[in-house]
Amino acid sequence: MRYAEHIADLVGDTPLVKLNHVTDGIACTVLAKVEYVNPGGSVKDRIALRMVEAAERSGALQPGGTIIEPTSGNTGVGLALVAQRKGYQCIFVCPDKVSEDKRNVLKAYGAQVVVTPTSVAPDDPNSYYCVSDRLVQETPGGWKPDQYSNPEGPNSHYHSTGPEIWADTDGRVTSFVAGIGTGGTITGTGRYLRDISADREGGRVRIVGADPEGSVYSGGTGRPYLVEGVGEDMWPRAYDPKVPDEIIAVSDAESFAMTRRLAREEGLLVGGSCGMAVVAALKHAATLPADAIVVVLLPDGGRGYLSKIFDDDWMASYGFLSAGEEVSVGEALA
Ligand code: PMP
């Protein structure tokens with residue numbers, strides 16, 4: 001019989017799939033690494049497992065302990081899955097701008113969700129950050145993974161995502177493209193691919209970051225953008241700015257248009273940061289010869305964005321629907 005002992009044992013080993021239509025006019029091969037097939041539905045399952053296991057080894061997390069993290073989404077789901085597997089409690093702190101659906105997902109996995117006001121300064125005692133710090137101090141056995149500074153985030157990608165890409169391309173990958181949020185994915189995967197290809201004939205793997213226009217990684221000040229999970233207004237310790245060779249800034253409009261095309265043209269119902277990464281991958285791929293192999297990482301699935309990116313009224317309210325697209329969507333409905 002072939003089965004897993006627990007759903008959390010199925011994290012990682014995600015597939016590569018070729019992009020066939022959005023790549024029109026591009027000479028080289030572009031492969032997407034599809035992270036929504038992880039059991040919690042995102043790339044964040046990888047870091048959850050490794051951060052928890054390192055904390056167990058160091059003694060920071062003791063049997064029966066409580067995991068407390070300010071997170072509204074994918075990292076929470078990953079941590080909740082691993083916590084269930086290992087018998088820990090979870091408390092997640094979310095700002096009130098996070099949709100009820102997202103909070104309910106965390107509760108469904110058995111986590112407790114504490115909601116904080118969005119419109120307060122970071123040093124306000126009721127802020128997202130202050131409340132989670134206070135909960136860690138007040139909760140016996142409380143431990144905060146802190147994905148923004150925990151080195152096990154990038155390490156998880158160094159030891160899983162990177163080797164998977166190298167093995168699945170038979171060591172032929174020439175570029176790796178990923179969005180930057182905490183920076184863990186690009187730092188860990190990028191480091192591995194650079195290390196393993198350092199002496200390769202034909203040169204080492206090129207590492208390309210994708211960033212929302214306005215975020216600090218591509219030289220912005222942190223100006224607001226709508227794509228979720230990527231971009232920053234500060235520099236997290238999980239990110240090593242020496243790893244990417246290049247950073248490509250992508251607008252919300254480009255990211256969301258590509259996200260919708262991925263569903264319609266490639267059968268990939270994915271989130272907005274995936275559209276962003278693919279836009280950057282295609283801009284990069286357009287400069288490459290036919291024998292290049294570009295791998296782009298798609299962090300999560302699209303179901304969490306049905307009332308935003310995949311909602312015509314929401315898209316139109318921000319001016320993101322082009323006239324042509326509105327007509328075609330209307331025709332499809334008729
Ligand atoms: N996309 C989504 C949807 C995410 O949740 C994250 C994680 N914040 C990322 C991209 C970026 O990954 P990383 O934090 O490893 O840079």
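Pro 63 sits in the loop that runs between helix α1 (44-58) and strand β3, where helices (H or I, at least four residues) and strands (E, at least two) are DSSP runs numbered from the N terminus. Pro 63 is exposed, because 9 other C-beta atoms lie within 10 Å; a residue counts as exposed at 12 or fewer such atoms, as buried at 20 or more and as partly exposed in between, with C-beta atoms placed from the backbone.

The model is predicted, with pLDDT of at least 70 needed for local features and 80 or more for side-chain atom pairs, whereas totals for chains, interfaces and linings use all residues. Residues are numbered from 1 along each chain as its sequence is written.

Two strand pairs can be set side by side; strands pair if DSSP finds at least two bridges between them.

| Strand pair | Bridges | Direction | Bridge partners |
|---|---|---|---|
| β8 (206-212) and β9 | 5 | parallel | Gly 209 and Ile 247 |

Strand β4 (residues 89-95) is mostly covered, with 5 of its 7 residues buried.

Strands β8 and β9 belong to an open sheet of 6 strands, whose order is β1-β2-β10-β7-β8-β9 and whose pairing is mixed. At its edges lie β1 (16-18) and β9 (246-250), each of which pairs on one side only, and the twist from one strand to the next averages 25°. Helix α6 (residues 184-196) packs on this sheet and touches β7 (175-179), β8 and β10 (293-298), while its direction makes about 170° with that of β7; angles run from 0 to 180 degrees between N-to-C directions.

Helices α7 (residues 252-266) and α8 (residues 272-285) pack with their axes 7 Å apart and at an angle of about 100°, and are therefore roughly perpendicular to each other, a term that covers 65 to 115 degrees. Among the residues that make this contact are Phe 256 and Leu 262 of α7 and Met 276 and Val 279 of α8, where contact requires C-beta atoms, placed from the backbone, within 7 Å.

The ligand is surrounded by 17 residues, of which Gly 181, Thr 182, Thr 185, Gly 229 and Ser 273 are the closest; the criterion is a C-beta atom, placed from the backbone, within 6 Å. This shell has 3 nonpolar, 11 polar and 3 charged residues, with Gly counted among the polar ones.

Definitions and conventions:
Angles under 35 degrees count as roughly parallel, over 145 as roughly antiparallel, 65 to 115 as roughly perpendicular and the rest as oblique. Two residues are in contact if their C-beta atoms, placed from the backbone, lie within 7 Å.
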